[in-house]
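Hi there,

Here is the structure I promised to pass on. Have a look at it first, and then read my notes below.

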Amino acid sequence: MITPDTVQNHLTLRTAAARFDELSLRDVLALMAEDDGAASVHPLAREEALELLALGEVIARRAGYGRQLTVRSARASGASWSQIGAALGISKQAAWEAHSQWIEGQAQQHLRDGCSGMDPAMADDARTLAGQLGSDEEK
């Protein structure tokens, strides 16, 4: 059975996105053909539907990780939480909370396996860079 972990370990993001697009298109075409009464395009098999679901999860996870790395870059360049929130289309509090939770998740991941995520020094640096909500002025 295909899981997000097996997909993530075997496919690059580009390959996963291409396969996701392929399966998504086939899925939509099958729905459209079904509505038209055509039998030329068959719906996804169970394994393909589950693969599509796993691929979507991997893409979402990687996008979320990339988003937080970019938030960190924005903070390092002097962006305020208000500016980051505006760029993301969310409130400054939501942006700060999401980033703070990501940092804690990275720290916990390192505690679990000892090699991935953020070691204690990296997590402390990330927390310092994130600062406290409201402690930064508009740049």
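The buried residues of helix α6 (residues 120-130) are A123, A126 and A130. They span an arc of only 60° around the axis, so they sit on the same side of α6; the arc is taken from the directions that run from the helix axis to the C-beta atoms. Here buried means under 20% relative accessible area, exposed means over 50%, and partly exposed is in between, with a 1.4 Å probe and protein chains only. Helices are DSSP runs of H or I with at least four residues, numbered from the N terminus.

Before going further, please note that this is a predicted model, where local features need pLDDT of at least 70 and side-chain atom pairs count only at pLDDT 80 or more, while totals for chains, interfaces and linings use all residues. Residues are numbered from 1 along each chain as its sequence is written, and side-chain values use heavy atoms, with hydrogens and water left out.

Back to α6: its buried residues pack against α3, α4 and α5, where contact means heavy atoms within 4.5 Å. The face turned away from the buried side carries the exposed residues P120, D125 and T128. At the start of α6, a side-chain oxygen of D119 comes to within 3.1 Å of the backbone nitrogen of A121. After α6 comes G131, with a positive phi near 65°.

**Helix α4**

In α4 the buried residues are W81, I84 and G85. Their arc around the axis is only 100°, which puts them on the same side of α4. The cover over these buried residues includes α3, α5 and α6. On the face turned away from the buried side you will find the exposed residues A86 and A87. Just after α4, G89 has a positive phi of about 75°.

W81 is worth a click: its relative accessible area is 0%, so W81 is buried. The side chain of W81 reaches the backbone oxygen of A130 at 2.8 Å. That is a polar contact, meaning a pair of N or O atoms within 3.5 Å; within protein, one must be able to donate a hydrogen and the other to accept it, and residues adjacent in sequence count only if both atoms are side-chain atoms.

**How α4 meets α5**

How do α4 (residues 81-88) and α5 (residues 92-113) pack? Their angle is about 95°, and their axes are 7 Å apart. The axes are lines fitted to C-alpha atoms, for helices over the stretch in contact, and angles run from 0 to 180 degrees between N-to-C directions. The two helices are therefore roughly perpendicular to each other, a term that covers 65 to 115 degrees. From α4, the residues W81, S82, I84, G85 and L88 meet K92, A95, W96 and H99 of α5.

**Two more residues to look at**

Q68 lies in helix α3 (residues 46-76). With a relative accessible area of 7%, Q68 is buried. The side chain of Q68 makes a polar contact with the side chain of H99 at 2.7 Å. Leaving aside neighbours within four places in sequence, Q68 is in contact with A98, H99 and W102.

A107 lies in helix α5, and it is buried, with a relative accessible area of 11%. Leaving aside neighbours within four places in sequence, A107 touches M118, A123 and R127.

Happy browsing!

Technical notes: Angles under 35 degrees count as roughly parallel, over 145 as roughly antiparallel, 65 to 115 as roughly perpendicular and the rest as oblique.
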